[in-house]
Structures are given as C-alpha cells and as structure tokens.
Amino acid sequence: MTEYNHKTIEAKWQAYWEENKIFRAEDFSSKPKYYCLVEFPYPSGDGLHVGHPRSYTALDILARKKRMEGYNVLFPMGFDSFGLPSENYAIKTGIHPSITTKKNIEQFTNQLKSLGFSFDWERAVSTTDPDYYKWTQWIFLQFFNKGLAYKKEMPINWCLSCKIGLANEEVLDGNCERCGGEVEKRSIDQWMLKITAYADKLLKGLEDVDFLDRIKTQQVNWIGKSEGAEVDFLIDGSDKKIRVFTTRPDTLFGATFMILSPEHDLIQTITSDEQKSEIEHYIRHSARKSDLERTELSKEKTGVFTGAYAINPVNNEKIPIWIADYVLISYGTGAIMAVPAHDTRDFEFAKKFNIAINCINHPDEQLAQKESINPIDVLSGNVCWPFEGECINSSNNRDLNLNGKNVKSAVKETVEWLEKYGAGKHAVNYKLRDWVFSRQRYWGEPIPLIHCNSCGWIPVPEKDLPVVLPDVEKYEPTETGESPLATIEEWVNTECPKCGGSAKRETDTMPNWAGSSWYFLRYIDPKNNSSFADYDKLNYWMPVDWYNGGMEHTTLHLLYSRFWNQFLSDCGYIPASEPYLKRTSHGMILGEGGEKMSKSRGNVINPDDVVEKYGADVFRTYEMFIGPFDQSASWDTKSISGTERFIKRIWRLFTHTPIKDISLNKDQLYQLHTTMKKVTEDIDSLNLNTAISQLMIFVNEMSTYAVIPLKAAETLILLVSPFAPHLSEELWETMGHTSSINYADWPKYKKDNLVKDSIIIVIQVNGKLRGEISIASDEDKESILHLAKKEKNVLSYLEGKTLIKEIYVPGRLVNFVVR
RNA sequence: GCCCGGGUGGUGAAAUUGGUAGACACAAGGGACUUAAAAUCCCUCGAAGGUAUACUUCGUGCCGGUUCGAGUCCGGCCCCGGGUACCA
C-alpha cells in the first residue's frame, strides 16, 4: 500500500461523488427528510475565506451523518451575488458586474468542491440570475398588492464629492468610505416594506422555534416591543393636541414639560413669535448633525422653548412645550411628556434648563438601598428615581387617585381613567421600523413597478417578469441621486400596463437583503418557471431543520427572511409560518494573533494553500478541532500538524496493521462503543472538537492492537467519514466495499458494552483526595467502603479520628468525613 | 449606559452539569531509529517542596457564601469580546 496522498484520493472521490450524484436530494422520497442549511456566501473577488468552511464543514458533517442514519438530506449551496464590491469594481474598471460575478462564482464553486462538501450542486442558485430574481420581484409585488410596500420620504447617506448615495456600511466615521469626503443626509422618496405589521408575529413565532437563547434575545430586543399608553395633551389656546407615547402613564402627575422632536410637524403652528427665530435656528442646526454627532454629543442635552404650553390631562396644569433632539421623530409619536423626577434623560434636561422636578413616586425602600440612593433626595427633586416605588401626590378631583399604588397597578388604573375621559388609550410601540427597500444603485433587482400619471403605481404584469437589468455604460448614480438606470431613457420610458398611456419605470433597485430573504425556498424547486417553488415540494421539505450562520446575521437577515416566509405563508404559498426550526451561529475564525483576518493586517490564510499542502480532510478536521463551534477561534498553523498526524495515523493503521475478522474483547468493545456514543451525540450537538478528540483516543488505542478486529476498523471508518470523507471512502473501498460509504449505516452503540469489568473508585477524606481502589463494576456499597477504609494512605488519615459520615457516589468516589 | 458571551497550564482547550481539574492536541525538553535530516515511535510536561513515577501544600479572574465536596450553585466586584444605543 502506498503512502497517504491527499491529492489523488481527494480528486478521485470528488469526481466519483459528482458523476454518481451521490448527494442529490430526492423530492418526495419515502425516507424522512432533513433540511440542513448554511448561509450562502457573497462571492467576493477575494475568494473563499477560511471562516466560510467553518459553518459549511460543521453542517456537512451533520448532513453526512443524517444520510447514514437513513434521512433524505437536502444540503444546498448558492450565491448571494448582488453586492457593492462588484458594483464598485464596475465603476472603477467599466467591467460589467455580471462578468465579475460569474468569474467569482466559478472560483467559489471550485474552492467549495475542493473541500468535499456534500452539497447538492444541481440545486445551486444565484440571486443575480434573472430566473432567480424574477421571483424576488414577484414576491415584492405580492407585498405591493397587499399594501405592505409603500413609498415614503426617507433620508439616505449622500457623499458630496462622489455625488452618490452610500449604504450605511460605506460610511465610516461620518465620511465616505472611498473618497473620505463629507457625507450628509438627504431625503428622497423610497420604497418601504411594512415589516412592522409583522412585529407581533415575528415576536410570537420565536416561542415555537429552537434558536440559541442569545439569538432569540437579539431578535426580541431588535423588535423592541413596549407597552404603555398614548396620551393627548391639549395645547393652551389652540384646538390642536400633542399625542405622546409613554410606558409610564402612572407618572402623568409628575409631567412638568413636554418635548417635541425637531422634525415634529406641530412646531410651526405652536411656536410663539418671539421664539420663532431661535426655534428655526435649532431645527436647522440639528438637521445638519450627522448620526454620529447626534450620538457622540449625546451627553449634553440641548433644546429650545417654543413659547407654547400644554395642558396636563390629569391635573389641568399648564406645562411648557420645548423642542429637543434627544426626542426622536422615528420612535413613538415624536413627542414626549417629560417626567424629570422619574426619567434620567428628562432629569438631565430639567436640571440644565431649570424646569420644575416634581417627585410623585416614593422609592421602594429596599431598592433604594440597593441603588444607594437616599429617598429624601428623590422627594426633594435632587435625584432621579426611574425604578419601582409607590405613588404620592397623584390624585385629582375626577376619580383618579393613585396614591399608595405600585407602578403596575397605577399604570393600569391611569390607562382606564384616560380611556374613560377620552384623553388617551392603551398603546404598544416597537423599536422595529419599516424596512427601507430602495437603493439608488445599479447592481440590484429592479423594483418591478411602473408609474403612470393617471393610474399611479402599477405592477409590472407577471408575464413580463423578470424586469431585467439593462446594460449601462456608467454605473455611478446620477447627479440627482437617482439610480444609474434613470439615465437609460429607452428602458425608463414604457407603457402603463393598465391604461396603455406613456409611463416610467421605477429606477430604484432592491437592497442586498432581498435575494437572501427567500433563497432557502428556491433550493427546494430551483428550476421552477411557473412559481417560486412548488407548494407540494415546499410542503415536503420545509421548514429548514437546522440553519447555521454567522452571528452578524442574527438580527437583520434572520428577521427579514422570517418576515418574508411568514408573509408568503399568510398568502397561502408556504405551509409553515416559521422557516427555521433550529438556528445556531458559529464563532469567527481570527488571524494568528487573535485579530480579525484582513489584507491590511497581512494575516489572511487562504484555504487553497491549506488544501494544497495538507488536503481537504485535514483542513476540515482542523477547523472542527480548533475549539468550541460557537466561539471565535484563532488560526494556528502549527496546530494543524496535530490533525494531520491524526489523519495519517488512520491511514497507516489501515495500511500497516493486519485487519482480521476476529471478535473484540470486553475492553475493546468498551472503547469502541464509548466512541460510538460520544461521536454520535457530539455531532448532534455540533460539539465537533470533542467528537474528534474521542476519535483520536480510539485511534491511539487501536494503534496498540497487534491485529485489528474488522468490526472495529469498519466502525472507526464510518465514524470518521463525516469529518474526513475522502480518506474514509478510499479506506472503505480498500476494505472491499463496492458502494459509497455515504449510505452505509451509521453505527449504533449498545448500552451493554458501555460497562467496564473493573472501575477505579476515588477515595476522599474530608473532601480531599487520599487514594483510589480498583473494584469490580458490580461490587456492592458495603464492600467498597470496607476496601476503601483499608487503603494504606487513607488509613493514615482515618487513624485516631471519629468517622462522622460516609458518602458513596456509585461508580465515582467515596468520601469519609472525620473529626 | 443596557443586553448577551467569555475568563481554566507556555498555547488551543476538556471536565458525564455538584464528584479524581487540565482529557485530546500544539509547543517545549529528553530518548530510540537514521551517516544525517524528515517522518515515525517512546518518556517528561500547572506551581512549589521533596532523591522520588512515594507523598504534601497551593492552584480554574478577585472577595465572600452554601455544601461532606464548588471550575460548576448563590451574592458582590474586576477584566476581555460581541450586539445595541437618548426607544420615552
């Protein structure tokens, strides 16, 4: 037998798998289905990063094991190929993004194939493929038809020197990423998707799925549901009202002023003449502030008095109305009632501008002590108390008396009172905002709408989809901030599908998030021309059983794709409302120094080099052995030799030691079945580092055998096969098997074999280790205690002492408590 | 500030969820084979004391607690990483 040569072995089996379509997922198979999903990559010009295979290898291992366990596994791969780098490259070089994209996809495909992943390549999709984005556009039209897509004026990041709209990730520290120039906010009409209509459903859906807790928490926080009340304040000397949202209606008696956001539309109406110029100045000033400044300068509160007063509905007191930019137009109603005694931000503001602070909530004594706050200071208005307490000074002569009540019941009672007097109502608010779905860019899916002056916005008829991206010569957005598509007159000018009159196409394109919001559905039926995917096939495959991806996608991508799935499910196109049963996230692979890999740091590891030198099997095993899957890990070139030795040791074991069909002794059975159990369970929980270490233990053990029992050899190779599939296929074949190891039965351990003849019992005296004894595994408690007491070192600790207690933990230890 | 993770040898990490802390590896040191090197194999490897592979003490970020027994549970604190940011 020759030396281990990864190049010939890996090439041989990769070709075999492809020719024999070993990993093809079969629609409607009678086997139970299992849908394994990894996030598809953006095919960047840099090629595959060593971080990509971490997720792919882990789920590949799972997929391979599931196949061996008799599942019909769907494990697909595709490309999220719309993206800024291709477009920026086109702006620089004039090379069409589709050419760059095609080239990059080819490179990625080759790289992925060289790693031996068991993807069903026949189902590969690419979001830039018109056959794919036809359905992205179609889904958008479903949103439009259901009234969930609407146009609204929204700010974009505008680079003053490039004259181009920038994505948020292209703005670095308030400046343009490529020219370093100044970036300002500019408002333009943009398409929005009403994800807020699904806020509750997205929240509720989390109850039924198995996501890592921290992922659930992130989703919950992002949606940010808060309950409270909307309260109307009359404006003194006007018929207008200011509506505010508050989570603490119980503090209404402590409201001593109001604040409108600088963008609030009542400002012009209510501002007094003498305050007008100051107000206008403040509005202009805060509009010019970038997002960065708003947050950086967040410490110091600013604001201006409008000259107007509002009437507090619970006590009819006149309170001043201010404007301040710490109140955001995008949250709630863009206006607040300020209760400085019980809100830290309002407290800061009141202190700075000398506004009254009325304490109406007596701190809970215990809590106050914990927070080291003296209630006296709160009562006098010197310290803010935003926590739990008891209402004081909170009653009026119209049946509202909150005094003595805690926060919860006071909130309830106030809301009831407000509703009775028509001054407010129970309300719910979300941090989640509607999704800005327009980009003024070339390289994205065209939004399939046509604007007609007489009919308004009309969808492109389904038969005319996809609206294909036309060729352009220049990829830069225009002087006006419109998409480069706007300059192609023959494309823009079209007929109204409804009245036949002249009309114009929408020139905005969709964001990068669009294509990835439903790709897991297209894998199920990637060639379908009449619908995005066949219902029966969806019914067979969905939901995804296990979805793994990066932690960086656990808010937006996860939320967006759940939203699309829920929506399509509500429309009756998909059976299940939640797309993913289980979601995990892997940690990043960092450079050797523990820093992020980047060209500028010069610490980038190219997976091709590793495969060339060590082979795919070593690379895969190394990445799984590197550390706990959900935590980040630093690449360590030296450590690869550990897994390299492991792989080569298996090869040598099979090629240099005789393998005979002899039975295993009791100890060998114990070792084998312990390994079967550990590896099986560890793959199921993706604890792949410990699965590998158990395999190493077993291989080390087998190296001491003079003759290897056939059963042990076969079982080992089956257990290793998901990790090192090429090596395993090769050895499986040399052992005389004629069919692929991929469909061999996964080994099942027997409990009977997990017992050893003799075991070691540890003996402690007062909790300290003093000795150990070897006993038969069925030895009874009495004789174990008896033997333990006789152990010579233990004896010296028992002599002259009184035995108070004997503790026996079966199969583990004995502890004598003495005095 | 808030919400998550995490802190264990020189290094990456294990630890059956309260029961021998450091499995499995890397690095290091020593040895075997070899003309030599690579590869391979064997031994040592938390710290201190001790001739010792006897044994003892200390040791899982820090302080305290619960327990026969704590890396693991409870209370308080410090540091590191990620997410988020005036959300009323």
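User: Which strands does helix α27 lie across, and at what angle does it run to β34?

Analyst: In this predicted model, α27 (residues 781-790) lies across β31 (758-765), β32, β33 and β34. The helix runs at about 65° to β34.

User: What makes β33 and β34 a pair?

Analyst: A pair needs at least two bridges. Strand β33 (residues 803-809) and strand β34 (residues 813-818) have 6 bridges, in the antiparallel sense. Therefore β33 and β34 count as paired.

User: Which residues of β34 stand opposite E806 and Y808?

Analyst: E806 faces F816. Y808 has V814 as its bridge partner.

User: What is the strand order of the open sheet, and what makes β32 and β33 edge strands?

Analyst: The sheet has 4 strands in the order β32-β31-β34-β33, and its pairing is mixed. β32 (768-776) and β33 each pair on one side only, and these are the edge strands. From one strand to the next, the twist averages 20°.

User: Why are α25 and α26 called roughly antiparallel?

Analyst: Helix α25 (residues 710-720) and helix α26 (residues 725-734) pack at an angle of about 155°. Angles over 145 degrees count as roughly antiparallel. The two helices are therefore roughly antiparallel to each other. Their axes are 9 Å apart, and the crossing is left-handed.

User: Which residues make that contact, and how do they divide by type?

Analyst: From α25 come E714, I717, L718 and V720; from α26 come L727, S728, L731 and W732. They divide into 6 nonpolar, 1 polar and 1 charged.

User: Why are α2 and α21 called roughly perpendicular?

Analyst: Helix α2 (residues 52-68) and helix α21 (residues 616-625) pack at an angle of about 100°. The range for roughly perpendicular is 65 to 115 degrees. α2 and α21 are therefore roughly perpendicular to each other. Their axes are 9 Å apart.

Conventions: Residues are numbered from 1 along each chain as its sequence is written. Chains are lettered from A and ligands numbered from 1 in the order in which they are written. This is a predicted model: local features need pLDDT of at least 70, side-chain atom pairs count only at pLDDT 80 or more; totals for chains, interfaces and linings use all residues. Side-chain values use heavy atoms; hydrogens and water are left out. Axes are lines fitted to C-alpha atoms, for helices over the stretch in contact, and angles run from 0 to 180 degrees between N-to-C directions. Contact means heavy atoms within 4.5 Å. Angles under 35 degrees count as roughly parallel, over 145 as roughly antiparallel, 65 to 115 as roughly perpendicular and the rest as oblique. A crossing is left-handed if the near helix is turned anticlockwise from the far one by less than a right angle, and right-handed if clockwise. Ala, Val, Leu, Ile, Met, Phe, Trp, Tyr, Cys and Pro count as nonpolar, Asp, Glu, Lys and Arg as charged, and the others, Gly among them, as polar.
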